[in-house]
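Subject: The structure I promised you

Hi there,

Here is the structure we talked about, ready for you to open. Have a look around first, and then read on for my notes.

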Amino acid sequence: MLARTNRSFSLITFLFCLLIFSVPVFWALRGNNPQGFSLIENRNLQQFNPKDYAFSRVVGSLLRKNFASARESFRGLFTDRSDQVSIEQAASDQFPLRIDMIKAARALDRAFIDLAYFSASDPAIPTDMHSEFLVLPDDSAIIFAPARYDTAVQTQIDQRIENYRTLIAQYPRINFYAYHMDRLPYSPLNPLNPQVPHADAGRSLAYFEQHLPTGLSFAKMDLQSLDEHLQYYYRTDHHWNIHGIILAYNQIYDLLKQKYPDISPRLVLAQVVSFPGADFLGRTAAISFYPIAPDQFEGILVDLPPYRIFESGTEITAVFNLSQNYHAGDYSTEPYYYHYGKYFGTISGFVEYVSANSSTRNLMLLGDSNKEPLHALLAAHYRRTYMINMREYPGDFNLVDFLADHPVDDILVVGDNHILFMDPYSAIDP
Amino acid sequence: MAFASIHFIFLFLPVMLLAYFIIPKRGWKNLVLVLGSLGFFAWADLRHLPLLLLSLLINYLSGLLIQHANDHETPKRAKALMVIALLLNLLILAFYKYFGFLGGIVQSVLPIEVSFPERALPLGISYLTFSALSYILDVHRGTEKAEKNVLNFTAYLVMFPKLIQGPITRYKDVKPGLLELRVNLTDVSLGIRRFIIGLAKKVLIADSLAIAANKVFAADPSTIGAGVAWFGLIAYALTVFFDFSGYTDMALGLGGMLGFKLPENFNYPYISQSITEFWRRWHMSLTAWFRTYLFIPLEFKRRKVKFLRQPTNILLVFLLTGLWHGAGWNFLFWGGYFGLLLALEANGLEKLLKKIPRVFRHLYTLLLVLLGWVFFRLTNLQNWGGFLGALFGRQGWTALETMRSLNILFYIPIAVIAILLCLPILEWVKKVQPARPFLWNSALDLVHIGIFALCVAYILANGFQAFMYAQF
């Protein structure tokens with residue numbers, strides 16, 4: 001294969017040189033027209049910025065006879081590798097046909113996966129070699145692998161149960177509610193459970209329910225089959241879809257009504273609307289790069305009392321979500337455009353809804369990005385609603401301090417097992 | 001700067017090749033090689049550049065002074081200079097590579113708390129040091145003349161193809177390339193093919209199997225059965241081989257493109273029929289270095305010792321081989337383990353092995369080599385028992401963690417391909433006598449270019465950064 005032959009022409013030398021020289025030539029010729037944003041990765045791509053590199057700054061400073069600045073930039077060459085990292089990242093990000101080449105690599109990955117699972121009868125197989133996602137037969141949905149359930153998880157649950165008990169004891173005038181959303185990593189409906197001996201398969205939820213703290217009002221989605229589950233969640237994303245949101249709203253409404261009997265009438269959520277061309281390829285599709293058919297993105301038309309949204313004292317009502325734009329027909333149709341975030345609202349650590357209704361009660365709603373679509377719906381029943389995402393909360397959250405400025409009557413936690421009773425960071429510091 | 005990276009292949013390499021081939025004269029080519037290699041070194045960490053320059057200066061001057069002492073027949077002076085040069089080189093190596101490890105040993109006997117922090121390793125310091133040591137020793141022995149041309153000397157020590165992972169070269173290996181204008185199209189073509197083969201070994205095989213191996217070794221050993229443990233260990237053994245030999249292939253390929261014939265480092269080690277044969281096929285440049293500069297001199301020095309001379313020499317050499325691979329007790333043990341096996345084979349075991357069927361000789365070798373990788377991989381000695389227990393079925397064939405729960409089932413086809421490539425299949429292809437050589441070579445060229453494009457796609461795919469909770 002590597003035999004030595006005397007040649008006057010070498011095809012491999014010609015092609016190899018053509019390839020390795022054409023890329024830098026491409027970068028040079030393209031000049032000031034780099035690839036700026038990667039929609040599928042949802043990030044700004046690194047660009048070559050020769051003028052910003054320390055070496056350029058040294059030369060520039062020397063030419064300007066600014067020796068102090070030159071010395072400082074020169075020292076920078078030795079103290080960090082930011083220029084190297086920036087150039088390395090730019091070379092990768094600005095590579096011609098980058099996404100097409102990544103697709104080719106992932107296609108080969110999938111060929112190996114298909115080969116490995118050729119004779120197996122698994123109910124779901126990995127989408128790719130990096131993400132840990134699985135795809136159901138006939139590419140009907142991308143799902144998560146079962147989560148682990150062991151004594152360490154049980155210890156975390158015990159700690160969160162204790163946390164709820166402390167809160168309930170310490171704040172007897174506040175009503176505490178928890179709403180459980182059924183997500184496949186923890187669900188008995190996960191089709192891969194039989195093949196994963198330590199799969200959660202509903203055990204963590206069962207344990208939590210067995211030890212449910214007295215005084216915590218609890219409700220759950222309680223889905224009965226995988227098909228039912230697939231109705232309520234996107235096939236290409238880790239969030240629930242509009243049908244899951246409607247189900248959750250109705251169940252939460254019933255839950256809240258137990259201790260809030262004069263809650264305003266239930267909202268009528270019957271008018272689901274689809275947005276032609278808004279094909280939704282969510283995060284699981286993007287991360288796995290699996291060639292799956294997109295979800296049809298849908299929203300809802302509902303009559304809500306007027307409300308205003310504030311973040312850190314600044315009104316953000318017009319920019320928090322773009323649902324009005326969608327209903328006016330103004331939305332993107334690009335693949336991998338993140339409709340969920342745009343339509344329901346950006347992730348924020350703390351936003352406040354002030355509704356123009358007759359309610360005198362205030363709600364604190366805690367959860368992750370799955371609670372975003374519930375914001376406006378639940379805010380319709382309260383005077384003020386405080387939406388808190390612990391992971392994004394600016395600074396350390398402390399309930400005593402928070403209540404001093406923001407009195408609340410009801411505290412509702414919405415989320416999956418992780419948010420509700422596993423993750424220590426999602427616990428409320430009493 | 002890793003060879004298997006976009007910035008190396010599409011920024012550094014084109015600039016380097018362009019500058020190197022535009023210049024017609026050998027001396028100027030060497031200047032380009034030196035500047036490029038220093039840039040390559042500095043890219044990793046500019047702070048270490050002064051250290052590299054100091055090391056170059058020490059070794060360059062030491063070589064000249066030793067040569068001068070040899071020429072003037074002052075052997076004691078030559079020896080003293082040689083010892084000083086060796087100590088200085090080893091001191092630098094010890095300071096950077098073994099400071100934390102040695103400090104830990106000292107700390108264990110000290111009654112007070114003293115800090116011995118690990119230091120960032122200068123790029124390729126182990127390879128650089130051993131190349132420098134071989135140069136000093138060769139000049140002292142008179143088997144090599146000291147290089148007066150500072151450019152040639154610098155190029156020998158820092159040339160970028162062999163800087164990161166070797167092979168460890170002696171000056172005689174590189175000298176012809178530094179002095180003669182030997183680059184021709186055939187060498188360049190073969191170099192490109194070799195580079196691509198190495199890139200594929202690294203990117204397509206080693207990097208993939210490394211994920212599988214890491215998952216298995218990261219799992220709690222009490223949760224894995226023998227099946228998963230063996231798969232993880234085999235994946236690790238393949239990862240080490242394809243990673244290291246892939247890098248060597250890339251180094252040899254790059255050397256070939258620039259007109260240098262660097263020594264081979266691997267010769268299908270996993271087909272060996274004894275541990276002795278394995279070490280003749282594995283990391284050959286390091287084994288040759290230790291044989292030439294340590295084992296043979298030890299044998300000569302201790303020739304009057306009758307009792308256990310050779311076994312103790314082998315053991316000492318392999319303890320140091322282990323330490324060369326890393327500063328840790330596990331590496332020391334790993335070296336000692338092989339030293340012991342080699343000493344046993346040298347003293348009768350290999351003769352016994354030759355009497356058993358070949359298949360059992362292969363199994364014997366593979367089993368012992370694989371077990372050796374457990375000691376190499378698990379730096380914490382406390383984890384050995386658990387993993388060895390899993391290997392030999394303490395939890396049965398399957399346990400809590402399965403190939404599916406670890407999500408590594410799909411690495412099986414890659415492992416199978418890798419195992420096949422551990423056999424000398426490519427050597428058989430080499431022997432093909434095509435009826436139409438031009439067509440055959442062109443087809444092979446196209447296959448190589450296709451593999452190259454795939455490798456680039458994989459490197460790009462590894463940099464793909466889509467996150468679940470990217471701000472939206």
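Predicted model: local features only at pLDDT ≥ 70, side-chain atom pairs only at ≥ 80, totals over all residues.

Three strands of chain A make up an open sheet, in the order 3-4-5, and they pair in the antiparallel sense. Strand 3 (125-126) and strand 5 (142-144) of chain A are at the edges with a single partner strand each, so each has one side without a neighbour in the sheet. Strand 4 (residues 133-135) of chain A is joined to strand 5 of chain A by three bridges, and the two run antiparallel.

Another strand to look at is strand 13 (residues 362-366) of chain A. Four of its five residues are buried, so strand 13 of chain A is largely enclosed by the rest of the structure. Which strands pair with strand 13 of chain A in the parallel sense? One is strand 14 (residues 384-388) of chain A, joined to strand 13 by five bridges and running parallel to it. Another is strand 15 (residues 410-415) of chain A, which pairs with strand 13 in the parallel sense over four bridges. On the strand 14 side, A:Leu363 has A:Thr385 as its bridge partner. In strand 15 of chain A, A:Leu412 stands opposite A:Leu365.

Now for chain A as a whole. It has 16 helices and 15 strands, and its C-alpha atoms fill a box of roughly 90 × 65 × 50 Å along the principal axes. Of the 430 residues in chain A, 39% are buried. Among the contacts in chain A with a separation of 6 or more, 71% are between residues 24 or more positions apart. The domain assignment divides chain A into domain 1 (18-93), domain 2 (99-144) and domain 3 (151-426). Between the C-alpha centres of domain 1 and domain 3 of chain A there are 42 Å.

Two residues of chain A have a backbone angle to check. A:Ala201 is not a glycine, yet its phi is positive, at about 50°. You will find A:Ala201 in the loop between strand 6 (175-180) and helix 7 (203-210) of chain A. Is A:Ala201 buried or exposed? It has 21 C-beta neighbours inside 10 Å and therefore counts as buried. A:Tyr336 also has a positive phi, near 70°, and is a residue other than glycine. The loop between helix 12 (323-327) and helix 13 (339-344) of chain A holds A:Tyr336. With 22 C-beta neighbours inside 10 Å, A:Tyr336 counts as buried.

Next, the place where the two chains meet. Chain A gives 56 residues to the contact and chain B gives 55. On the chain A side, the elements that supply two or more residues are helix 1 (11-30), helix 3 (67-79), helix 4 (82-93), helix 5 (98-116) and helix 10 (283-288). Helix 5 of chain A has the largest share of that side, with 11 residues. By type, the chain A side divides into 35 nonpolar, 12 polar and nine charged residues.

How do helix 5 of chain A and helix 18 (residues 437-462) of chain B pack? Their axes are 8 Å apart, at an angle of about 100°. The two helices are therefore roughly perpendicular to each other. Residues that make this contact include A:Met101, A:Ile102 and A:Leu108 of helix 5 of chain A, and B:Leu454, B:Tyr458 and B:Leu460 of helix 18 of chain B. This helix contact divides into 11 nonpolar, no polar and two charged residues.

Finally, chain B. Its domain assignment gives domain 1 (6-181) and domain 2 (189-426), with C-alpha centres 27 Å apart. In the contact between them, 23 residues of domain 1 of chain B meet 21 residues of domain 2 of chain B. Helix 5 of chain B gives the most to the domain 1 side, with five residues. That side of domain 1 of chain B divides into 13 nonpolar, seven polar and three charged residues.

Enjoy exploring, and write back whenever you like.

Best wishes

Terms used:
Residues numbered from 1 in each chain as written. Chains lettered and ligands numbered in written order. Domains from an automatic or database assignment. Contact = placed C-beta atoms within 7 Å. Nonpolar A, V, L, I, M, F, W, Y, C, P; charged D, E, K, R; others polar. Axes fitted to C-alpha atoms, helices over the stretch in contact; angles between N-to-C directions. Parallel < 35°, antiparallel > 145°, perpendicular 65-115°, else oblique. Pairing = 2+ DSSP bridges. Buried ≥ 20, exposed ≤ 12 C-beta atoms within 10 Å, placed from the backbone.
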